[in-house]
Amino acid sequence: MVCRSLLLLVASCLALGDEDADRARWPLIYAAGEGDAATVLSLLAQGRPTTERSKDGESALHVAAIRGDSEVVRALIGAGAEVDARTPEGPLIAMTPLHWAIYHGHTEMVRLLLEAGADPHLADQNGKTPLEMSAEAAQEGSARLLREAIQARAGGETGGAADADKDEI
């Protein structure tokens with residue numbers, strides 16, 4: 001019993017060590033995921049690249065969109081973070097920060113990402129577009145923003161029949 005407890009303790013320490021090593025390797029991603037805007041701004045000022053990816057393939061903008069911290073998202077976008085970066089195929093299904101913001105119900109993040117040029121047409125690995133995801137998740141605010149972005153990209157104008165179509169999703 002003592003040996004088993006000791007093994008569990010050693011395994012726990014090793015796991016903590018791995019997290020500490022990951023935090024040291026990807027401080028921007030960790031700070032963004034924790035919503036620590038001051039640290040994000042400091043790291044960006046020191047020249048930390050926004051292109052870093054975690055071992056799972058997430059960028060700082062992905063984790064910031066998941067968390068929903070607008071100050072961090074603005075800082076990352078301002079520093080040139082790729083708004084259409086995709087996570088790898090597989091368990092993270094090639095999602096962009098826009099997909100993650102919708103999935104987690106962060107309408108303000110959706111607005112910020114679209115204003116920064118995020119492509120509302122990009123589908124995930126399963127073929128699901130952000131608009132389809134917002135409809136499935138009953139995220140009407142995000143769906144409205146996405147329809148407006150899609151219409152703007154198509155060169156359409158707001159009003160008339162276009163507004164009637166908005167009520168479908």
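A: We may begin with contacts along the chain, where contact means heavy atoms within 4.5 Å. Of the contacts in the chain with a separation of 6 or more, 60% are between residues 24 or more positions apart. This is a predicted model, in which local features need pLDDT of at least 70 and side-chain atom pairs count only at pLDDT 80 or more, while totals for chains, interfaces and linings use all residues. Residues are numbered from 1 along each chain as its sequence is written, and side-chain values use heavy atoms, with hydrogens and water left out.

Q: How many helices and strands does the chain have?

A: Helices (H or I, at least four residues) and strands (E, at least two) are DSSP runs, numbered from the N terminus. The chain has 10 helices and 0 strands.

Q: What share of the residues in the chain is buried?

A: Buried means under 20% relative accessible area, exposed over 50%, and partly exposed in between (1.4 Å probe, protein chains only). In this chain of 169 residues, 38% are buried.

Q: Which residues of α5 are buried, and where do they fall around the helix axis?

A: An α-helix has 3.6 residues a turn, so residues three or four places apart point the same way. In α5 (70–78), the buried residues are Val-72, Val-73, Ala-75 and Leu-76. Seen down the axis, they fall within an arc of 160° (taken from the directions from the helix axis to the C-beta atoms), so they line one face of the helix. Their cover includes α2, α3 (37–45), α4 (60–67) and α7 (107–115).

Q: What is found at the start of α5, and what just after α5?

A: At the start, a side-chain oxygen of Asp-69 comes within 3.1 Å of the backbone nitrogen of Glu-71. Just after α5, Gly-80 has a positive phi of about 95°.

Q: Why is α4 described as largely enclosed by the rest of the structure?

A: The reason is that 6 of the 8 residues of α4 are buried. These are Ala-60, Leu-61, His-62, Val-63, Ala-64 and Ala-65, and they pack against α2, α5, α6 and α7. Just after α4, Gly-68 takes a positive phi of about 90°.

Q: Which residues have a positive phi although they are not glycines?

A: Most residues other than glycine have a negative phi. Here Ile-93 has a positive phi of about 40°, and Ala-94 has one of about 55°. Ala-94 is buried, with a relative accessible area of 7%.

Q: Where does Ser-142 lie, and which residues does it touch?

A: Ser-142 belongs to helix α9 (residues 140–154) and has a relative accessible area of 0%, so it is buried. Leaving aside residues up to four places away in sequence, Ser-142 touches Ile-102, Thr-107, Val-110 and Ser-134.

Q: What is the volume of the largest pocket, and which helix gives the most to its lining?

A: Rolling a probe the size of a water molecule over the atoms shows where empty space is left. On a 1 Å grid over the protein atoms alone, a pocket is an open set of points where a 1.4 Å probe fits, with protein on both sides within 12 Å along at least five of seven lines; lining residues have an atom within 4 Å of a point. The largest pocket has a volume of about 150 Å³, volume being the space filled by probe spheres set on the points. Helix α2 (residues 27–33) gives the most to the lining, with 3 residues.

Key: A polar contact is a pair of N or O atoms within 3.5 Å; within protein, one must be able to donate a hydrogen and the other to accept it, and residues adjacent in sequence count only if both atoms are side-chain atoms.
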